[in-house]
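Here is a friendly note to read with the model open beside you. Please follow the points in order and find each residue as it comes up.

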Amino acid sequence: MNPLLLTDGYKVDHRRQYPDKTTLVYSNWTPRKSRIKGINEVVFFGLQYFIKRYIIKEFEENFFSMPKEIVCRKYSRRINNYLGENSVGIKHIEELHDLGYIPMVFKALPEGTSVSLRVPMFTMYNTLPQFFWLTNYFETLLSTTVWLPCNSATIAKQYKTVLTKYAMETSSIPEFVEWQGHDFSMRGMAGLEASVMSAAGHLLSFTGTDTIPAIDFLETYYNADSDKELIGGSVAATEHSVMCMGTDSGEQETFKRLITEIYPNGIVSIVSDTWDLWKVLTQYLPSLKKEILARDGKVVIRPDSGNPVDIICGKSCSENEAEKKGVVQILWEIFGGNINKKGYKELDSHIGAIYGDSITVERAIQICERLKQKGFASTNVVLGIGSYTYQYNTRDTFGFAMKATYGEVTGTGREIFKDPVTDDGTKRSAKGLIKIIKENGMYKLIDQVSWNEEKNGELREVFRDGKLLINENLKTIRKRVNNQS
């Protein structure tokens, strides 16, 4: 599809609606508010993908390299069929095709940095006067591409902060946190691109993922190399269909076959609540203790239903003794382990647990805190982070918006802004040209600056006139995410 058609319908005729002799439109992308308690900074991630995939690749393959006559005929057909015969025109499309590149500048903060609310992450403007209409024409495509990876990278960092805090307090292996948050979201996301962009955001903070194409995404668009670095990984794992095919009466034999024949070494995760989790824990595992401890690797028990906090940590009001103890305590009583220098129990290295259903940040905190209160290290359990976390968000989660704040008409600059009297202040935009500075480690917006001032500050040119100027790699972006408080 012609990438100029990847937009909202009302965009196509804004070119004629701007004042006569408009020559420049300057806009920015900003998170304006937070709907998640405790989050006041948003991780910036995804612009490099947008530029490489759409501004460069899509336009080259489906616009500039196509015969102009075909491109213009298809564009006219679509617009006329959509709006009816009108005067949108085709000359501006022909002129862009003749030019052969996108005449825009993108200036951005480094990807992976945390940006305070109401501080722009990047700006964009046209470099040739006749293409002033391009700037905000891209708003729709840009928005639908960038808000999701920013959201997921931000939420993943929130999980990482929680898990790191408890690991530092209770665990001898705080580095295990890299694997403790595992992405299970792919099947629940809104399509393949959404799942991959979200999973890439997750991988800025963690290395555990079941979204295989996110690895290719990061190699293709963020210069990662899975031969030289750990982008993302997982372990062998079962699902309910596997356990069901072994039958209820044969479940113990299925466990034994998995841990002694199929996976005699390494890590294997076994879904354990297809029928009766407590029976698995109190009957099957004690009978298989010798085989589990003899393996060179870890057997991971995976509950998959119920209240995850109670399942992992125990439910004190239950009359069921196993349910009262919870998974981690039962595993400790069967397999033992050690008490680390911080005074917390860590399960024997041959056994572990993972819970991946309906985990939230709040539940992660509750699980870690209740384990701590029971004397267990937080790293005794891995948490699967799924679409319940990553899909239950929208562009409005952090109030993302792209707004024009400056323009030029007949060679004269105009500082423009939005400030609806009926709004609570959320939609109030910056005004004029902007500059981002850094004070005490925090990014700060200064608006209404001159062009000379605009050229300085923390925003860097990452794209100009068809060329990518800064080509970041995953390793660098991960360092920014993990090093910035």
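1. The largest cavity is lined by L47, Q48, I51, A108, L109, E111, R460, V462, L468, I470 and E472. A cavity here is a set of points, on a 1 Å grid over the protein atoms alone, where a 1.4 Å probe fits but cannot get out, and a lining residue has an atom within 4 Å of a point. This is a predicted model, in which local features need pLDDT of at least 70, side-chain atom pairs count only at pLDDT 80 or more, and totals for chains, interfaces and linings use all residues. Residues are numbered from 1 along each chain as its sequence is written, and side-chain values use heavy atoms, with hydrogens and water left out.

2. How much space does the largest cavity hold? Its volume is about 70 Å³, where a volume is the space filled by probe spheres set on the grid points, joined across faces, edges and corners. Two cavities of 30 Å³ or more are counted.

3. Which helix gives the most to the lining of the largest cavity? Helix 2 does, with three residues. Helix 2 (47-64) and strand 19 (460-464) each supply at least two lining residues; helices (H or I, at least four residues) and strands (E, at least two) are DSSP runs, numbered from the N terminus. By type, the lining of the largest cavity has seven nonpolar residues, one polar and three charged. For these classes, Ala, Val, Leu, Ile, Met, Phe, Trp, Tyr, Cys and Pro are nonpolar, Asp, Glu, Lys and Arg are charged, and the others, Gly among them, are polar.

4. Now turn to the second largest cavity, with about 30 Å³ of space. Its lining consists of K11, H14, Y18, W133, N136 and Y137. Three of these residues are nonpolar, two polar and one charged.

5. K11 also forms a salt bridge with E139, with 2.5 Å between the closest N and O atoms. The two residues tie together parts that are 128 residues apart in sequence, because K11 lies in the segment before helix 1 (14-17) and E139 in helix 6 (residues 139-170). A salt bridge is a side-chain nitrogen of Lys or Arg within 4 Å of a carboxyl oxygen of Asp or Glu. K11 counts as buried, at 5% relative accessibility, and E139 counts as buried too, at 16%. Buried means under 20% relative accessible area, exposed over 50%, and partly exposed in between (1.4 Å probe, protein chains only).

6. Across the whole structure, the search finds 17 salt bridges. In one of them, the side chains of E193 and R53 meet at 3.8 Å, N to O. This pair links distant parts of the chain, with E193 in helix 8 (residues 192-202) and R53 in helix 2, 140 residues apart.

7. K107 and E454 make another salt bridge, at 3.4 Å from N to O. K107 is in strand 3 (residues 104-108) and E454 in helix 19 (residues 451-454), so this pair ties together parts 347 residues apart in sequence. Both K107 and E454 are buried. Elsewhere, salt bridges that share partners join R53, E58 and E193 into one network.

Definitions and conventions. On a 1 Å grid over the protein atoms alone, a cavity is a set of points where a 1.4 Å probe fits but cannot get out, and a pocket is an open set with protein on both sides within 12 Å along at least five of seven lines; lining residues have an atom within 4 Å of a point.
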